[in-house]
Amino acid sequence: MQSAAFSLSATLPIPKPRRASGQVLNPRFDPIRASYSSKPNGLANVSVLGNFPRRSWSVSSSDSFKLRPWTSAPAPESDRDAKSFEVRAASVPESAGESAESSRLFKTLELGALFGFWYLFNIYFNIYNKQVLKVYPYPVTVTVVQFAVGTVLVSLMWGLNLYKRPKLSGSQLAAIVPLAAVHTLGNLFTNMSLGKVAVSFTHTIKAMEPFFSVILSAMFLGEKPTPWVVASLLPIVGGVALASVTEASFNWAGFWSAMASNLSNQSRNVLSKKVMVKKEESLDNITLFSIITIMSFFFLAPVAIFMDGVKFTPAYLQAAGLDVRQVYTRSLLAALCFHAYQQVSYMILQRVSPVTHSVGNCVKRVVVIVSSVLFFKTAVTPINAIGTAIALAGVFVYSQVKRLKPKKA
């Protein structure tokens, strides 16, 4: 490796400048003569002459770093000719590149682990949730339990300083309220659909979320979709229609509940763009999700008591002939997985682009559909499977064409 050395030195004695009578010389504005010469070996020598003490600097490539004390104050007259200072720059260790590569590998593995947990928590949420809703057909109460567990987890996270507790103004809370309202409805309608039809069919219908996203964005945000986006919606709508016609567990209550869930969830996304003011930009996704979870619990708890009454007590479950311990355990596990998969989803969104997150969500839906069919042994006809596959393929194409931005006229 070629070494570089720079030398700053005053090799000639510096005479004291003469002063005219009555003239005061300000040392800070003394003229400075600088000369530069290039040596054959590629080293550069810079000499600075002026009313300054002699200082010699040498910078070279070395495995050691030496720094002798230096002060900008002028040295005494007797010491000026004897002072010399040397600075040697240490060479960059070869392990630095390996460290950067190891850091990138670690981040890749971390992101892969987050995607794995996202899928795993979602699979278990749908399985445990469906098991509870089969024997306990009260989706409003089940949804409240899930929000209640999430509220406890958020409170512990803030109380133990695992995540910074936000300080919100009145205007911020007012802006978040509509987001919490549609978030509450979206999860409630999803549970209502899961209680009526197969898990695989609910998620097939929920593949139509891009359709509602395009419609609502055009209506309220003025975002005109490109022809490619519109074309990608056709297989989504056609696939869902084909799957619905051949679905063994089809009923209108489950179908419309899933469609209402799509409408609510995409309304939340539109509102987050239209309603949120600049002050909310300081709120990260996880903090916003935590606040919405708490609000959703307080919104839905009175509704659950009014609609279902208090039907989650051990006495009621025993009177209904249910295994109290089993219902409670599965409800708790479903609630924990519900909060965990949504929080991990927001963690992933902070690390990747929205398009990458959308592709991951499409893959997640495929994984959930396949796992639920295998676990619950759902009857699937070939035409039903083809319709589901077409719809999911359309979602994937939609996530890709969203990258294509329309040309400005």
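Q: At what angle do α2 and α8 cross, and how close do their axes come?
A: In this predicted model, the axes of α2 and α8 cross at roughly 145° and come within 8 Å. Axes here are lines fitted to C-alpha atoms, for helices over the stretch in contact, with angles from 0 to 180 degrees between N-to-C directions. Helices are DSSP runs (H or I, at least four residues), numbered from the N terminus.

Q: Is the α2 and α8 crossing left-handed or right-handed?
A: Left-handed, meaning the near helix is turned anticlockwise from the far one by less than a right angle (clockwise would be right-handed).

Q: Which residues of α8 touch α2 there?
A: Among them are Ile294, Phe297, Leu300 and Asp308 of α8, and the α2 side includes Phe147 and Trp158. Contact means heavy atoms within 4.5 Å.

Q: Nice. Where is the kink in α8?
A: At Leu300, shortly before the proline Pro302, and the kink is about 30°. That bend is the angle between axes fitted to the seven residues ending there and the seven starting there.

Q: And what comes just after α8?
A: Gly309, with a positive phi of about 75°.

Q: Back to α2: how does it pack with α10?
A: Helix α2 (residues 139–159) and helix α10 (residues 324–349) pack at about 60°, with axes 8 Å apart. That makes α2 oblique to α10; under 35 degrees is roughly parallel, over 145 roughly antiparallel, 65 to 115 roughly perpendicular, and the rest oblique. This crossing of α2 and α10 is right-handed.

Q: What about α6 and α12, at what angle do they cross?
A: Roughly 160°, with the axes of α6 (residues 227–245) and α12 (residues 382–401) coming within 7 Å. That makes α6 roughly antiparallel to α12, and their crossing is left-handed.

Q: How many charged residues are in that contact?
A: The contact of α6 with α12 has no charged residues, with 16 nonpolar and six polar. Ala, Val, Leu, Ile, Met, Phe, Trp, Tyr, Cys and Pro count as nonpolar, Asp, Glu, Lys and Arg as charged, and the others, Gly among them, as polar.

Key
Residues are numbered from 1 along each chain as its sequence is written. This is a predicted model: local features need pLDDT of at least 70, side-chain atom pairs count only at pLDDT 80 or more; totals for chains, interfaces and linings use all residues. Side-chain values use heavy atoms; hydrogens and water are left out. Helices (H or I, at least four residues) and strands (E, at least two) are DSSP runs, numbered from the N terminus.
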